Amino acid sequence: MSRSTLRGSAITAEIRKAQAAAAAAPLAPKKGAKDKPAAAATPKGAGEIRIIGGQWKRTRLSVAQRPGLRPTPDRVRETLFNWLGQDLAGWRCLDAFAGTGALGLEAASRGAASVLLVENDAALVAQLQVLQAKLQASAVRVQRGDGVSALKQAAPASLDLVLLDPPFDGPFFEPALQAAAQAVAAGGFIYLEAPRAWADEELAKHGLVLYRHLKAGAVHAHLLQRG
């Protein structure tokens with residue numbers, strides 16, 4: 001038998017071996033079958049916010065879900081910006097505990113001239129930068145850091161709207177209100193989201209008065225002004 005015949009027999013044997021292995025392998029599940037592999041499931045950890053009004057109205061944005069992150073509900077945001085008016089053209093805003101950026105991006109969508117989003121969580125800062133780029137929101141600036149410190153660094157009476165939605169279990173409410181009261185301009189507004197209603201006497205300590213209040217579930221939404 002020649003070498004070429006031997007070579008051909010070896011190749012044929014390899015082909016038959018491969019065919020036998022393929023026939024013995026389990027069939028892949030059909031698309032839509034009930035026994036989908038676990039990897040095909042939708043990954044957890046991704047959330048979504050919806051911008052209520054303005055130039056990006058109804059725009060849905062994916063956001064990371066982080067422990068303790070509590071985006072302001074749509075109903076509360078809609079009510080807040082009804083109180084403020086639909087046109088925020090020229091307003092200078094600071095979102096001191098930005099989180100998902102829902103509040104600050106809502107202000108930018110309605111024409112605010114400048115919106116500073118301050119967030120301490122590095123992963124959320126990265127997500128905010130992605131959202132800012134996706135929306136091409138030139139009026140929005142993202143800054144990693146402490147919201148209270150950012151308010152203290154703002155020039156006195158330089159802001160038209162301060163947005164305060166700190167962690168409910170943190171020690172931020174008093175210092176944030178104190179700093180916001182110094183940073184907001186006369187006639188400007190401070191939005192405070194808290195797990196309870198703040199009494200007039202507590203607000204008066206910071207020179208603030210209640211303009212509007214809303215309770216939605218566990219959230220108390222306050223719109224404040226300088227007294």
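A residue is called buried when its relative accessible area is under 20%, exposed when it is over 50%, and partly exposed in between (1.4 Å probe, protein chains only). Ala194, at 0% relative accessibility, therefore counts as buried. Welcome to this predicted model, in which local features need pLDDT of at least 70 and side-chain atom pairs count only at pLDDT 80 or more, while totals for chains, interfaces and linings use all residues. Residues are numbered from 1 along each chain as its sequence is written, and side-chain values use heavy atoms, with hydrogens and water left out.

**The sheet**

- Seven strands form an open sheet with mixed pairing, in the order S5-S4-S3-S6-S7-S9-S8; helices (H or I, at least four residues) and strands (E, at least two) are DSSP runs, numbered from the N terminus.
- Strand S5 (140–144) and strand S8 (208–216) are the edge strands, each pairing on one side only; two strands pair if DSSP finds at least two bridges between them.
- From one strand to the next, the twist averages 15 degrees.
- S7 and S9 pair in the antiparallel sense over five bridges, and Leu192 stands opposite His222 in S9.

**Helices on the sheet**

- Helix H2 (residues 74–84) packs on the sheet and touches strand S6 (159–164), S7, S8 and S9; contact means heavy atoms within 4.5 Å.
- The direction of H2 makes about 145 degrees with that of S8; axes are lines fitted to C-alpha atoms, for helices over the stretch in contact, and angles run from 0 to 180 degrees between N-to-C directions.
- H3 also packs on the sheet, touching strand S3 (92–95), strand S4 (114–119), S5, S6 and S7, and its direction makes about 170 degrees with that of S4.

**Two residues in the strands**

- Ala194 lies in strand S7 (residues 184–194) and, beyond four places in sequence, touches Phe168, Phe173, Ala218, Val219, His220 and His222.
- Between Ala194 and Phe173 there are 8.3 Å in space, C-alpha to C-alpha, and the two are 21 residues apart in sequence.
- Gln225 belongs to strand S9 (residues 219–226) and counts as buried at 19% relative accessibility.
- Leaving aside neighbours within four places in sequence, the contacts of Gln225 include Gly187, Phe189, Leu208 and Tyr211.

**Nonpolar cores**

- The largest nonpolar core has 36 residues, and Leu84 and Leu105 have the most contacts inside it; such a core is a set of buried Ala, Val, Leu, Ile, Met, Phe, Trp, Tyr and Cys residues joined through side-chain atoms within 4.5 Å.
- Helix H3 (residues 102–109) gives the most to this core, with five residues.
- A second, separate core of 27 residues includes Leu116, Ala150, Ala176 and Ala179.

**Salt bridges**

- The structure holds eight salt bridges, each a side-chain nitrogen of Lys or Arg within 4 Å of a carboxyl oxygen of Asp or Glu.
- Arg77 and Asp74 meet in one of them (2.5 Å, N to O); both lie in helix H2, three residues apart, about one turn of the helix.
- Arg77 is buried at 2% relative accessibility, whereas Asp74 is partly exposed at 28%.
- Arg77 also forms a salt bridge with Glu106, the closest N and O atoms being 2.8 Å apart. Arg77 lies in helix H2 and Glu106 in helix H3, so this pair ties together parts 29 residues apart in sequence.
- Arg50, Asp74, Arg77, Glu106 and Arg110 are linked in a network of salt bridges.
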